[in-house]
There are 4 protein chains.
Amino acid sequence: MSIRVTVWNEFRHEKKNETVRAIYPDGMHKVIASALGKAGDLSVRTATLDEPEHGLTQEVVDGTDVLIWWGHMAHSDVQEAIVDRVQEAVLKGMGLIVLHSGHYSKIFRRMMGTTCGLCWREAAEREVLWLTKPGHPIVEGITEPCIILPQTEMYGEPFDIPEAEETIFISSFAGGEVFRSGCTWQRGAGKVFYFRPGHETYPIYHDPTVQKVITNACRWAAKRGTKSLDCPNRPMGWFEKK
Amino acid sequence: MSIRVTVWNEFRHEKKNETVRAIYPDGMHKVIASALGKAGDLSVRTATLDEPEHGLTQEVVDGTDVLIWWGHMAHSDVQEAIVDRVQEAVLKGMGLIVLHSGHYSKIFRRMMGTTCGLCWREAAEREVLWLTKPGHPIVEGITEPCIILPQTEMYGEPFDIPEAEETIFISSFAGGEVFRSGCTWQRGAGKVFYFRPGHETYPIYHDPTVQKVITNACRWAAKRGTKSLDCPNRPMGWFEKK
Amino acid sequence: MSIRVTVWNEFRHEKKNETVRAIYPDGMHKVIASALGKAGDLSVRTATLDEPEHGLTQEVVDGTDVLIWWGHMAHSDVQEAIVDRVQEAVLKGMGLIVLHSGHYSKIFRRMMGTTCGLCWREAAEREVLWLTKPGHPIVEGITEPCIILPQTEMYGEPFDIPEAEETIFISSFAGGEVFRSGCTWQRGAGKVFYFRPGHETYPIYHDPTVQKVITNACRWAAKRGTKSLDCPNRPMGWFEKK
Amino acid sequence: MSIRVTVWNEFRHEKKNETVRAIYPDGMHKVIASALGKAGDLSVRTATLDEPEHGLTQEVVDGTDVLIWWGHMAHSDVQEAIVDRVQEAVLKGMGLIVLHSGHYSKIFRRMMGTTCGLCWREAAEREVLWLTKPGHPIVEGITEPCIILPQTEMYGEPFDIPEAEETIFISSFAGGEVFRSGCTWQRGAGKVFYFRPGHETYPIYHDPTVQKVITNACRWAAKRGTKSLDCPNRPMGWFEKK
């Protein structure tokens, strides 16, 4: 059975900025969705901020095994009720992949409990993402020891996250900074993967290796089981009588 | 220099319920504060829900190295702005000790990113808290392999928390359930300790071993350094020119 | 493609002790292998201590995606060279499932770096294994909140292991002790799962739920990728010139 | 009471190589010990490979709260019996600080369970160690966001270690590689800190910030309590009758 992926994009930069539109005429979500669709085992749809309920109705969320999240300029426009819905779905088992500036999204900050802050610079500099966990499913098929992106926005440490449960990538930048660019956590029955690449003014989601990582991450994060969020009262001996 | 501890209590059960008042006439916070005060190296004050700003003004929070939190029936009465303030202080380095039904407090759920739900039963049953990490500062001076509490409310697994960074205690109950009764995490520069004992209708905070654990936990969690929560823009080469 | 599982058993108790032989006439490994074989997606073979190279030749290890380990009375008879071989395979990506008294095996102690000691008692008492991580692949299809084993050897905390990366089960025993009965770690590219059930004088590996957990664990731990264990010298700029 | 620190050094390079001797005429251990001695709260001694029992008699180990380890060319000359003794002491609560090429020491590989391999290059290049966990005791008093070392040997990822429990530093090198330069783990009751700086042909242990980190790490890792390594048989109800 296919893994059901929903690619969520704020989809504002693409409408407002010509440079971004030139790279992603239909939005970043369409480029990502198209790449994932080619994998064969992923069934992909998209959702964006300005759709009703941000495109994330209860029905859509219930039918999603992995949600990919890209946001930047409009984090505060995301309704709390939708964030509640997504958080609940993650805790019950839905995977969550947060991309680039999504580090500051409501949903990521909720799952982490920290500010998720970092240092940054826009200088079109080279980033090298080093594989720190070769053999992990998220880097399957990546045979080089690093991924080189010629022009990126810099994100630098300290990255205010809870200690990663798995560190998949660490980046260095031409300017000398470092960043934990690929990290995983589990929250409830859900798996969370943060992946740094993806500034809107560079064609990063057209990069086949970046696409491969996101594809792998969908397989890794896909919902496997369900966790109840009930908090039941239990009479003495209830489990023996069942 | 003393460790500055603030014991926060919802302080509602004690006012409304005669059984509770009989055990804690001045509130649980007073019993806990008195026990901590005897340690010698802790400088202790208290704060409660019905004080202005819940007793947690910016000045109080700024002057607190460890905050202890007990709440139950009035979690929803805690203002979001105060939760924001406490969360920020924890990320900057303040320790946070969450007791018993505080598992469902806004602040604990914020720090964890999960529901913090569990199973429960009130049957005045025996709890045995097993030391799973002997040698840890939180169990310093506890020479027995377990702490026995003759009458407690039961909390049972699954406890919906992120995997503990340190598991200090695991409880068994007379009815057969188990629970991770002492767990630690770090969030930003702050240390968080969840400690299960403490139902309001049993005299648990009068127990000297329970008091010793909380005292130890204050020393373990005390603010040691400060983390900035800024997200600065950094020009190329900034760190070399300093 | 099938997951290639090798079930390793010390296979001494079954030869020496009539009680054990009555329960496992062909050895515990045969009962486990038979159960796993019924899953359909696992290709299973067995290996035992008294075979040449303990049945774990380089060829067998190279052809194994998951190794299951049961040992007890003869841990010290396992050759260091074979332990080296298994450890290397795990670090390169082979899964390792350690059962019951295997907690004291050379291979498990090597992977953990600790004594892996615990408290114990043989009193044929009831064990209840509580699911602490519902929704995890290792408990897939287990719909009850706990697994009840009517007669077991007791293992009690403190269990001298590095903090578990995932806690899957915690047991309570009739006598009141608790134990982390299902724990996972990663070492190199390999996944390690310790699962407590399985004393040789109780028919525990005939239990269908225990069999289901081990089957699930094989799928969870199966080798996914390969990690090189080289420690190469790298000239300046090597990764850019490739 | 003072924290009792033992600085262990292989002390072979200094005897054989004139360049090293020029930087560390009495050995690296003496420079480190002298720096730690100035802290005031540390009581410091040294031990070296060519002393009887490598200077680590049972009496010395029993009187040590933190052991610092530097080795490189003679890892294989360290006797297994002494490694056993040190490992046991760590599990019982002694702190262990492993420096630079000590990543390949027997004791560090034992505690980790992995190869502890990495990539490397000697090109006298600049290393920048970024603080990833500001506010942590190990970086107390370090007010800059990074430590700059003008000439170092490069160590590059993947570093074959179990996932760090705390990541304190991540380095970038002039050549573009990255490395987790400061990591912590707990094993038994002992705390372990790996700290990368320190090649023998650069005067790195003369650097006051490097000295400050090691001083802080001694305070952080110091033995706080004791863990028994027994594996006792427990009769039914033993804990209730005590």
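**View 1. Salt bridges between chain C and chain D.** In this predicted model, 2 salt bridges are found across the interface of chain C and chain D, a salt bridge being a side-chain nitrogen of Lys or Arg within 4 Å of a carboxyl oxygen of Asp or Glu. C:D160 is paired in this way with D:K227, with 3.8 Å between the closest N and O atoms.

**View 2. Extent of the contact.** Chain C and chain D each contribute 37 residues to the contact (heavy atoms within 4.5 Å). About 2,700 Å² is buried between chain C and chain D, 56% of it on carbon and sulfur atoms; buried area is the accessible area (1.4 Å probe) that two parts lose on being put together, summed over both. C:W120, C:C231 and C:M236 supply 19% of the area that chain C buries against chain D, more than any other three residues.

**View 3. Symmetry of the pair.** Chain C is superposed on chain D by a rotation of 180° with 0.0 Å of shift along its axis (RMSD 0.0 Å), fitted by least squares on the C-alpha atoms of residues with pLDDT of at least 70 in both. The two copies are thus related as by a two-fold rotation axis. Of the residues of chain C, C:G113 comes closest to this axis, its C-alpha lying at 2.8 Å. The same surface serves both copies, since 100% of the contact residues of chain C recur in chain D.

**Notes.** Residues are numbered from 1 along each chain as its sequence is written, and chains are lettered from A in the order in which they are written. Local features need pLDDT of at least 70, side-chain atom pairs count only at pLDDT 80 or more, and totals for chains, interfaces and linings use all residues, while side-chain values use heavy atoms, leaving out hydrogens and water.
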